[in-house]
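Subject: Handover of a structure and the findings on it

Dear colleague,

Please find the structure below, together with its sequence. I would be grateful if you could read the notes after it with the structure open.

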Amino acid sequence: MRLLIVEDEKDLREILKKRLVKEKYSVDACGNGLEAMDYIDMTSNDVMILDIMVPGKDGLSILKEVRNQGKDTPILMLTAKDGIEDRVKGLDLGADDYLVKPFAFDELLARIRVMMRRKPSFTSNRLEVADLILDRDTKQVWRNGKEIFLSAKEFMILECLMRNKNVVLSRNQIEQNAWDFNFEGSSNVIDVYIRYLRKKIDEGFERKLIHTVRGAGYVLRDVE
């Protein structure tokens, strides 16, 4: 797995690269946003870690350009600022997660793992399982040609299940996939949303798509 680190604090950049290499990642690292764009143009990355305040081209500008290019590479933003405005702006531009410096390295590793679980396994923004269709661009869902109206959280959880069709996801995995940051809920919240989704997605259809796996979690599976 290839990672790109864009961080202008040399000591932090070198420490992160050294420790990530030790974790068996292939790591490119630079401290300038313009140099970062060269890496991005030349190399396919599995994850990008971008500091917001870097010279040449700041992290938010890099993020915006990457998303404008149509790339869905998971991107984690590093920032010394903890204001909600920075998080909102980054998320609106397409960031997947944030870490406020200073942070624990183990937390960074965990965030990378979560983002990779969240990485779309589909090249299209239109996800399809049986007669269920989800469009990530328009935020619309249809079952058997009939539009289904979902809340924002319901949509995120359904998208998570469809991205990972036929894969059993624990409640914690669904929580980590569906909420980008600072979610302070419980596993029962996931159960409630799954119940909502079943009512909207499966009720009235002979073929059920959302299944419970006892002791493990939930799976969206197309079965006859």
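The notes below cover a sheet and its helix, then salt bridges, then some backbone features.

This is a predicted model, in which local features need pLDDT of at least 70 and side-chain atom pairs count only at pLDDT 80 or more, while totals for chains, interfaces and linings use all residues. Residues are numbered from 1 along each chain as its sequence is written, and side-chain values use heavy atoms, with hydrogens and water left out.

The sheet and its helix

The model contains an open sheet of 4 strands in the order E6-E7-E8-E9, with antiparallel pairing. Its edge strands, each pairing on one side only, are E6 (126-129) and E9 (146-148). On average, neighbouring strands of this sheet are turned by 25 degrees against each other, direction ignored. Helices (H or I, at least four residues) and strands (E, at least two) are DSSP runs, numbered from the N terminus. Two strands count as paired if DSSP finds at least two bridges between them.

Within the sheet, strand E7 (residues 132-135) and strand E8 (residues 140-143) pair in the antiparallel sense over 4 bridges. Leu-132 stands opposite Arg-143 in E8. Helix H6 (residues 152-163) packs on the sheet, where it touches E6, E7 and E8, and its direction makes about 115 degrees with that of E7. Contact here means heavy atoms within 4.5 Å; axes are lines fitted to C-alpha atoms, for helices over the stretch in contact, and angles run from 0 to 180 degrees between N-to-C directions.

Salt bridges

The structure holds 16 salt bridges, each defined as a side-chain nitrogen of Lys or Arg within 4 Å of a carboxyl oxygen of Asp or Glu. Side chains of opposite charge can pair when their charged atoms come close.

One of these salt bridges joins the side chains of Asp-51 and Lys-101 (3.6 Å, N to O). The pair links distant parts of the chain, 50 residues apart: Asp-51 is in strand E3 (residues 47-51), and Lys-101 is in the loop between strand E5 (97-100) and helix H5 (105-118). Asp-51 is buried, at 4% relative accessible area, and Lys-101 also counts as buried, at 13%. The terms are set as follows: buried is under 20% relative accessible area, exposed is over 50%, and partly exposed is in between (1.4 Å probe, protein chains only). Asp-51 and Lys-101 are linked with Glu-7 and Glu-9 in a network of salt bridges.

Glu-128 and Arg-126 also meet through their side chains in a salt bridge (3.6 Å, N to O). Glu-128 is partly exposed, at 42%, and so is Arg-126, at 36%. A further salt bridge joins Glu-203 and Lys-199 (3.7 Å, N to O), and Lys-199 is exposed, at 55%.

Backbone features

Most residues other than glycine have a negative phi, and most peptide bonds are trans. The peptide bond from Lys-101 to Pro-102 is cis, with omega near 0 degrees, and Pro-102 lies in the loop between E5 and H5.

Ala-130, although not a glycine, has a positive phi of about 55 degrees. Ala-130 lies in the loop between E6 and E7 and is partly exposed, at 33%. Asn-166 also has a positive phi, near 70 degrees. Asn-166 is found in the loop between H6 and helix H7 (171-178) and counts as partly exposed, at 47%.

Yours sincerely
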